[in-house]
Amino acid sequence: KRFNKDGKNKLHISAEQMKLANINEDTVAVKEISEEMAVAAKTSPDETQTTVISSWITGRIEQLSIRNPGEMVHKGDLLYEIYSEQLSATQKDYLIALNQSKSGLTESINYTQIAEAAKNKMLLWGLTEKQINEIGSKNTVENITPIYSKDDGVITEIGIKEGDYAGEGQTIYRLNKLSNVWIEMQLYAGEERKVYLGETVKIKFYDYPGKSFSGKISFISPELSSHSKVIPV
């Protein structure tokens, strides 16, 4: 029987009729209906967390302390040693000016300013305050200068070999914190219509059986890759 009074629509059938009609009863609710997809993906570093360690001065790389990508680096760790004539000359200028300023014979020349200018140059070239203070206290020029890390991270690229000459600005190492990474899915043409920005995805790694991670889709490429015919997401 159907009743349409007071805006209420109800259909009354017996339990036997429900059984014969193969009807199952459920509570009305709002639910999200979607198709589950399993796709291949690769892990890529977040470039916003990348630090490029480059040579601040021209010189020959005498020694690389890290020789393999994937090694962990902590702030203060030795990265490489460099021989630079320009750096050695600046150290000499610094020591001469420092000694003259201490002697008190500075009537016509301000050796304190000259020493400070030389110190600032060395700081810009990657030396630390401690290294410069040691040069002053030992009163000796270090021909081979160690360069230390100013950040933590994992070495993802080594851009030079021992014995090579590094130009100013040349990449020595590329460092990434890897605290956040990108997961790049590869979808075939047409499959991108099944996903949307902000959608939550579940990520599983073969190296972590039984464990899953979650993330949200933040980019869907508008272009189809010409060489692989897939769309990165």
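Strands are DSSP runs of E with at least two residues, numbered from the N terminus, and in this predicted model strand 12 gives the most to the lining of the second largest pocket, with five residues.

That second largest pocket holds about 570 Å³ of space, and among the 21 residues that line it, Val181, Trp182, Ile183, Glu184 and Ile203 are the closest to its centre. At least two lining residues are supplied by each of strand 12, strand 13 and strand 14 (212–216).

The largest pocket has 26 lining residues, with Met37, Ala38, Val39, Lys202 and Ile203 lying nearest its centre. Two or more residues of this lining come from each of strand 3 (41–45), strand 12 (181–188) and strand 13 (200–204), and strand 13 contributes the largest share, five residues.

| Pocket | Volume | Residues of the lining by class |
|---|---|---|
| Largest pocket | about 870 Å³ | 15 nonpolar, three polar, eight charged |
| Second largest pocket | about 570 Å³ | 13 nonpolar, five polar, three charged |

Elsewhere the model shows a packed pair of helices. Helix 2 (residues 85–103) packs with helix 4 (residues 129–138) at an angle of about 60°, and their axes are 10 Å apart, which means that helix 2 is oblique to helix 4. The crossing of these two helices is right-handed. In the contact, Gln91, Tyr94, Leu95 and Leu98 of helix 2 meet Ile132, Ile135 and Gly136 of helix 4, and the residues of this contact divide into five nonpolar, two polar and no charged.

Technical notes: Residues numbered from 1 in each chain as written. Predicted model: local features only at pLDDT ≥ 70, side-chain atom pairs only at ≥ 80, totals over all residues. Heavy atoms only, no water. Axes fitted to C-alpha atoms, helices over the stretch in contact; angles between N-to-C directions. Helix = DSSP H or I, 4+ residues; strand = E, 2+ residues; numbered from the N terminus. Parallel < 35°, antiparallel > 145°, perpendicular 65-115°, else oblique. Left-handed = near helix turned anticlockwise from the far one by under 90°. Contact = heavy atoms within 4.5 Å. Nonpolar A, V, L, I, M, F, W, Y, C, P; charged D, E, K, R; others polar. 1 Å grid on protein atoms, 1.4 Å probe; cavity = no way out; pocket = protein on both sides within 12 Å on 5 of 7 lines; lining within 4 Å. Points joined across faces, edges and corners; volume = space filled by probe spheres on them.
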